[in-house]
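Reader: I want to read this structure feature by feature. Where do we start?

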Amino acid sequence: EELILQMHDDLYDGLKEEIEEGVNILLERGWEPYRILTEALVAGMKIVGDDFRDGILFVPEVLMSANAMKAGMAILKPLLAETGAPKVGKMVIGTVKGDIHDIGKNLVAMMMEGAGFEVVDIGINNPVENYIEALEREKADILGMSALLTTTMPYMKVVIDTLKEKGMRDDYIILVGGAPLNEEFGRAIGADAYCRDAAVAVQTAKDFIA
Ligand code: B1M
């Protein structure tokens, strides 16, 4: 599909309006919102990520790409939401302390809401106190943590260990995700599951709640 390739280029160039237009055109063509999300936006961001890693793109450019991606996600968000379905569970989700990446977290939040979960998004750069305060206030069932940096992912263990110390660990299903994580890391820090992507997060949450 030519438009998909064009959108990858537009995302690369941080062209917000073009991304919005592309999303709308694909919707008019009858594409499923989830397909647009994965094939146009997430796949495009992968290219940005590769060139960021290789020193071809820099922070200001990647920020523009991220903003364009968010604009596309904003159009899809209401379309992914299931209407009127009874809420199946409640999740508190946030990116860990020291980490300001939020696209993946936002996507997980969107997909969880779409699947009928209530989601309380506490944003980025969260110290353990924020998680605990939100979990207690919201009487949540699930804790979701996101980290995109190898330097911030160990903080997930700090959160889980603190919950253990307070005798709260077993009150929640703890799901973790983010590009540098893997199954083994999830197990090592004592999470209930590592979720490779947003779809896996939804399925895993459903499996635990059922
Ligand atoms: Co940054 N960054 N970044 N960045 N950035 C990465 C992560 C990096 C891999 C790029 C690279 O070098 N290839 C690299 C990390 C290297 C490492 O740790 N080993 C990196 C770096 C180094 C940095 C800075 C340090 C750069 C600098 O300043 N020199 C800096 C750090 C800032 C900080 O956090 N303190 C930084 C800054 C930024 C921007 C601000 C420019 C921007 C973020 C904008 C924003 O989020 N609002 C940015 C971006 C955009 C990226 C890349 C290019 C893309 C991340 C993204 O949004 N992906 C990224 C490259 C990469 O990941 N390969 C990179 C799309 C998103 C849909 O995927 O987030 O993986 P992802 O989420 C997926 C899954 O991982 C999973 O589901 C999601 C959807 O399928 N998932 C979960 C994620 N969270 C989950 C939680 C769950 C479940 C599943 O809970 C249940």
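Author: Start with one side chain. Asp54 has a relative accessibility of 46%, so it counts as partly exposed. Buried means under 20% relative accessible area, exposed means over 50%, and partly exposed is in between (1.4 Å probe, protein chains only). The model is predicted, so local features need pLDDT of at least 70 and side-chain atom pairs 80 or more, while totals for chains, interfaces and linings use all residues. Residues are numbered from 1 along each chain as its sequence is written, and side-chain values use heavy atoms, with hydrogens and water left out.

Reader: Which residue forms a salt bridge with Asp54?

Author: Arg53 does, with the closest N and O atoms 3.0 Å apart. The rule asks for a side-chain nitrogen of Lys or Arg within 4 Å of a carboxyl oxygen of Asp or Glu. Arg53 itself is exposed, with a relative accessible area of 59%.

Reader: How many salt bridges does the rule give?

Author: The count comes to 16. Take Lys77 and Glu113, whose closest N and O atoms are 3.8 Å apart. This pair links distant parts of the chain: Lys77 sits in helix α4 (residues 59-80) and Glu113 in helix α5, 36 residues apart. Helices (H or I, at least four residues) and strands (E, at least two) are DSSP runs, numbered from the N terminus. Lys77 is partly exposed at 41% relative accessibility. Glu113 is partly exposed too, at 27%.

Reader: Is Lys105 buried or exposed?

Author: Lys105 is buried, with a relative accessible area of 3%. Its side chain meets that of Asp121 in a salt bridge of 2.9 Å, N to O. Here too, distant parts of the chain are linked: Lys105 is in helix α5, Asp121 in strand β2, 16 residues apart. Asp121 is partly exposed, at 37% relative accessibility. Elsewhere, salt bridges with shared partners join Lys90, Glu118, Glu133, Arg137 and Glu138 into one network.

Reader: What is the donor from the protein to the cobalt atom of the ligand?

Author: A single one: NE2 of His101, 2.2 Å away. Donors are N, O and S atoms within 2.8 Å of the metal (3.2 Å for Na, K and Ca); water is not among the atoms, so sites may look incomplete. His101 lies in the loop between β1 (90-95) and α5 (103-114).

Reader: Last, the backbone. What is the phi of Asn125?

Author: About 55°, a positive value although Asn125 is not a glycine. Asn125 is in the loop between β2 (118-121) and α6 (128-138). It is partly exposed, with a relative accessible area of 39%.

Reader: Where does Lys139 lie?

Author: In the loop between α6 and β3 (142-146). Phi of Lys139 is also positive, near 50°, in a residue other than glycine. At 66% relative accessibility, Lys139 counts as exposed.
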